[in-house]
Amino acid sequence: MRRSEVLAEESVLCLQKALMNLREIWEVIGIPEDQRLQRTEVVKKHIKDLLDMMIAEEESLKERLIKSIANCQKELATLCRELRVEPFQEEGEPTILQLEKDLRTQVELMRKQKKERKRELKLLQEQDQELCEVLCVPHYDIDGDAVPSVEELSQFRQHLAALRGTKASRREEFVNLKRQIILCMEELDHTPDTSFERDVVCEDEDAFCLSLENIETLQKLLQQLEMQKSQNEAVCEGLRAQIQELWDRLQIPAAEREPLAMVMTGSKAKVKKALQSEVDRLEELKKQNMKTVIDAIRVELAKYWDQCFYSQEQRRAFAVYSDEDYTETLLQLHDAEIVRLKNYYELHKELFEGVRKWEESWRLFLDFERKASDPSRFTNRGGNLLKEEKQRARLQKTLPKLEEELKAQIEMWEQEHSKAFVVNGQKFMEYVAEQWEMYRLEKERAKQERQLKNKKQTETEMLYGSAPRTPNKRRGLLPTTPGKVRKLNTTIVSNATANSSIRPAFGGTVYHSPVSRHPPSGSKPVLTSTHSGRKKARAALHGADKENLELNGSLLSEGSVPL
């Protein structure tokens with residue numbers, strides 16, 4: 001049994017006991033029965049009214065709870081819809097009082113969530129407003145009256161983070177562009193003359209609108225200033241080159257050049273003005289010294305003719321080169337020609353340098369060939385012979401390779417320009433082939449001369465005996481052995497007599513006899529009998545000559561190219 005039920009029974013007992021006490025009192029007093037009845041009715045009425053009042057109060061409480069539940073459920077449904085969450089579901093079958101309490105607690109919680117979301121939305125909108133004003137972009141599209149969902153708030157925060165990153169990058173770009181613009185303006189002595197330029201240079205950086213349009217305008221402004229700066233630099237460099245050229249042509253002394261040393265760098269307006277003033281002064285001075293200037297230009301023309309490998313016919317094409325009527329017109333013609341030649345040289349500089357490199361290599365090649373045919377190089381004791389042979393071998397490999405590279409470049413150039421590339425009035429590859437042909441003919445001529453000379457020498461030796469070739473070591477260093485004699489056509493000639501007559505002049509002469517061969521009469525081979533020390537010297541020299549012939553042979557086999 002519930003405790004409330006026990007208390008109800010106790011209340012009934014108390015009531016019965018109270019009524020019994022009342023009856024006893026009334027009995028003792030002697031209250032008549034009719035009055036006792038009345039008094040009992042009064043007691044009943046009091047008790048009934050009290051219980052009715054209590055029941056009415058409890059019924060009223062019940063009604064309030066039911067009404068509160070209905071209101072909470074309605075508000076809770078609205079909050080769930082606004083907060084975009086699932087509707088609240090009560091677990092089990094709670095009493096009216098518990099249900100009302102649970103609903104009221106849930107409503108208060110959702111009201112708090114709604115308030116926090118609205119507050120965060122307002123804060124994010126304020127930040128968005130600030131960033132959009134700085135970046136000049138539209139505001140984030142979100143309903144400010146509605147309660148945002150958790151996902152919408154997260155997307156809003158990500159959007160603001162992206163805007164902050166954009167602001168930081170644009171601000172960095174703006175600061176960099178502003179710094180470069182200020183430097184260019186200082187270099188150009190340019191004062192901001194538009195409202196935009198003043199906003200960029202003079203106003204606070206935080207007040208500048210970092211819109212894409214403004215950034216693009218800044219980039220265009222910087223490009224314009226840099227273009228002006230580049231143009232000024234080009235103009236100043238041109239003026240400096242012109243000044244240097246006029247100084248050289250007019251032979252201006254160094255003392256007069258020193259005052260302009262400070263303006264020979266930079267491109268500011270004052271520098272440009274000073275350079276222009278100097279050019280004007282030198283131009284006037286040039287007019288006064290026309291002959292000197294034209295002669296200087298002619299020297300420069302000759303230099304460029306050499307660098308461009310001009311033939312005499314090409315040089316004679318500039319007919320006024322020898323004109324002695326020194327006028328302004330003549331100067332203009334020379335100026336135009338020197339400008340044309342400079343441009344022509346610069347345009348084909350790589351080819352001309354390749355041709356010059358080939359000519360230097362060719363001269364070195366011919367020099368090595370000349371040394372290779374000189375027997376005296378074998379007396380070198382400093383190791384130069386080995387170095388020369390290595391250089392000659394390397395040159396024999398690089399020279400044909402260089403020719404092939406030049407040939408490819410020239411063919412490409414001729415295809416681009418639709419004309420022949422000439423050197424000294426002749427196609428370069430024809431010129432190279434001609435040089436190789438001349439080299440071959442010269443080698444052939446030298447070979448024939450050596451053969452003729454050897455033939456004559458052999459005939460002379462066959463008739464008159466051996467002749468001294470080259471000086472040997474000093475006489476005192478030669479071993480002393482008795483001289484031998486050789487028999488030729490049954491005639492014995494003493495070499496000792498010949499040696500005694502020639503040796504004082506050469507200080508020890510080596511006799512070089514040809515290889516033993518049958519005499520014309522068909523007799524026995526000639527027997528050679530000389531000093532033993534001379535045999536050794538003659539063998540060494542014969543080996544050196546053999547080495548020279550082998551080297552020359554390898555050169556002809558490796559260095560020749562098909563024509």
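Which side chain meets that of Lys-342 in a salt bridge? Select Lys-342 and Glu-300: their side chains meet in a salt bridge at 3.4 Å, N to O. A salt bridge here is a side-chain nitrogen of Lys or Arg within 4 Å of a carboxyl oxygen of Asp or Glu.

**Before going on**

This is a predicted model, in which local features need pLDDT of at least 70 and side-chain atom pairs count only at pLDDT 80 or more, while totals for chains, interfaces and linings use all residues. Residues are numbered from 1 along each chain as its sequence is written, and side-chain values use heavy atoms, with hydrogens and water left out.

**Stop 1: Lys-342 and Glu-300**

Colour by secondary structure and stay on the pair. Lys-342 lies in helix α11 (residues 328-347) and Glu-300 in helix α9, so the pair ties together parts that are 42 residues apart in sequence. Helices (H or I, at least four residues) and strands (E, at least two) are DSSP runs, numbered from the N terminus.

Glu-300 is buried, at a relative accessible area of 16%, whereas Lys-342 is partly exposed at 23%. Buried means under 20% relative accessible area, exposed means over 50%, and partly exposed is in between (1.4 Å probe, protein chains only).

**Stop 2: the whole chain**

Zoom out. The protein chain has 16 helices and 6 strands. Of its 563 residues, 29% count as buried. The chain exposes about 37,600 Å², and carbon and sulfur atoms supply 54% of that area. Accessible areas come from the Shrake-Rupley method with a 1.4 Å probe; for residues, only the protein chains shown count as cover.

Among contacts between residues at least 6 apart in sequence, 75% join residues at least 24 apart. Contact means heavy atoms within 4.5 Å. The structure holds 20 salt bridges.

**Stop 3: Glu-120 and Arg-157**

Select Glu-120 and Arg-157, whose side chains form a salt bridge at 2.2 Å, N to O. Glu-120 lies in helix α3 and Arg-157 in helix α4 (residues 150-188), so this pair ties together parts that are 37 residues apart in sequence. Glu-120 is partly exposed at 23% relative accessibility, and Arg-157 is partly exposed at 36%.

**Stop 4: Arg-117**

Stay in helix α3 (residues 96-135) and select Arg-117.

Now show the backbone of Pro-148. Its oxygen lies 3.1 Å from a polar atom of the Arg-117 side chain. Leaving aside neighbours within four places in sequence, Arg-117 is in contact with Leu-83, Val-147, Pro-148, Ser-149, Val-150 and Leu-153.

**Stop 5: a nonpolar surface patch**

Switch to a surface view and select Leu-50, Leu-51, Met-53, Met-54 and Ile-55. These residues form a nonpolar patch with about 470 Å² of accessible area together. Patches are made of residues with over 30% relative accessible area and no salt bridge; like charges are joined within 9 Å and nonpolar side chains (Val, Leu, Ile, Met, Phe, Trp, Tyr) within 5 Å. Met-53 sits in helix α2 (residues 33-83) and is partly exposed, with a relative accessible area of 44%.

**Stop 6: two loops with positive phi**

Select Arg-84, in the loop between α2 and α3. Its phi is near 55°, a positive value in a residue other than glycine. Arg-84 is partly exposed at 49% relative accessible area.

Then go to Phe-309, in the loop between α9 (290-307) and α10 (312-316). Phi of Phe-309 is also positive, near 55°. Is Phe-309 buried or exposed? Phe-309 counts as buried, at 4% relative accessibility.

**Stop 7: Tyr-431**

Finish in helix α14 (residues 428-464) with Tyr-431, a residue that is buried at 14% relative accessible area. The Tyr-431 side chain makes a polar contact with the side chain of Glu-359 at 3.4 Å. A polar contact is a pair of N or O atoms within 3.5 Å; within protein, one must be able to donate a hydrogen and the other to accept it, and residues adjacent in sequence count only if both atoms are side-chain atoms. Apart from neighbours within four places in sequence, Tyr-431 is in contact with Trp-358, Glu-359 and Gln-426.
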